[in-house]
Amino acid sequence: MKVTLLAYTPDPERTVAAAAKLCYSPSSIDTVLDGLTDEKTAAFLDRLADYGHESPIEHVSFTFGIEGVSRSLLAQITRHRIASYSVQSQRYVSENSFEFVTPPEIDAIPEAREEFLQAMEDCQKHYNRLAEILTQKHTETLMAQGKDEKSAAFAARKQANEDARFVLPNACDTKLICTFNARSLKNFFAHRCCNRAQWEIRALAVEMLRLVKGVAPHLFAHAGPPCLNGPCPEGKMTCGRMAEIRESFARLEAGE
C-alpha cells in the first residue's frame with residue numbers, strides 16, 4: 001500500500017478558523033483573516049471542537065493518491081459518500097498481469113498461501129482466456145461492420161475487458177484518487193481507524209490520518225477512533241484494548 005497526500009486547501013487551519021470567526025464575531029469578509037495568528041487559529045479550532053460545531057471544517061479538503069490496495073477495500077471506502085473518487089478502470093485498463101493483495105493471515109500459513117496463490121493464478125488464466133475469446137468475437141463483428149482490422153482489434157479488446165473482468169478476485173489491486181472535506185474525513189477516521197474495521201482499510205485510514213496531521217495538527221487533534229476521546233461505543237463488540245489504542249495513536253501524533 002502506498003498513500004500520498006497529493007493536494008489540500010492552502011493554509012487549511014487558518015481557513016477553518018476564518019469561517020469560525022465569521023460565525024461568532026462581527027467581522028466582515030474583508031477583515032475575517034486579520035489577526036489570525038497561529039495561536040488564535042489554534043484557539044478557534046479548540047473552541048469548535050469543544051462546541052461540536054463542525055460545519056466550518058467542511059471548507060477545507062484533502063486529496064489522496066492510493067495504490068496497492070484491493071478491490072475489496074475499494075468497495076468499503078466508496079461507502080463514504082461525501083467524497084469524490086477516481087478509480088483505475090478495469091474496462092479501459094487490461095488486467096493481463098494483475099497484481100493482488102494477500103491478507104496477512106493467509107500469508108502467515110504456508111498451506112493457505114499456496115492455496116491463495118493458486119487461486120490468483122487460476123483467475124489470471126481464466127481472465128486471459130475469456131479476453132482472448134471475446135476479443136476474437138468482437139473483432140470479427142466490428143470488421144463485418146466495416147472497421148479496419150487494427151481499429152476493430154483495439155475496440156474489441158475494450159469490449160472484451162468489460163466481461164472478462166467478472167472473474168477477477170476481490171484481491172485484485174487497484175489505484176484511486178479521492179478527495180474528502182475535513183468533516184467527512186474525520187467521520188471516515190472515526191469508523192475506519194477503529195480496531196473493528198477490516199485490517200486493510202484500517203491501515204489505510206491510519207496512514208491518511210498520519211499525513212493530514214502533518215499539515216493540520218490542530219484540525220485533526222481529536223481525530224481517530226471514538227475511544228480516543230471517550231468510552232468505546234461498540235458495546236459488547238468492543239475489542240477491549242482501549243489503553244493500547246490510545247497509546248498507539250499518541251505515538252502517531254508524535255510522529256513515531
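Is Cys123 buried or exposed? At 16% relative accessibility, Cys123 counts as buried (under 20% relative accessible area, with exposed over 50% and partly exposed in between, for a 1.4 Å probe and protein chains only). The model is a predicted one, with local features needing pLDDT of at least 70, side-chain atom pairs counting only at pLDDT 80 or more, and totals for chains, interfaces and linings using all residues. Residues are numbered from 1 along each chain as its sequence is written, and side-chain values use heavy atoms, leaving out hydrogens and water.

As for disulfides (pairs of cysteine sulfur atoms within 2.5 Å), the structure has zero. Cys123 is in none, the nearest cysteine sulfur being that of Cys172, 9.0 Å away. Cys227 sits 6.1 Å, sulfur to sulfur, from its closest partner, Cys232, which is too far for a bond. Cys227 also counts as buried, at 8% relative accessibility.

Now for a helix pair (helices being DSSP runs of H or I, at least four residues, numbered from the N terminus). The axes of H5 (residues 110–144) and H6 (residues 149–164) come within 7 Å and cross at roughly 135°; axes are lines fitted to C-alpha atoms over the stretch in contact, with angles running from 0 to 180 degrees between N-to-C directions. The residues in contact (heavy atoms within 4.5 Å) include Tyr127, Leu130 and His138 in H5, and Glu149, Ala152 and Arg157 in H6. The residues of this contact divide into twelve nonpolar, five polar and three charged.

Technical notes:
Helices (H or I, at least four residues) and strands (E, at least two) are DSSP runs, numbered from the N terminus. Ala, Val, Leu, Ile, Met, Phe, Trp, Tyr, Cys and Pro count as nonpolar, Asp, Glu, Lys and Arg as charged, and the others, Gly among them, as polar.
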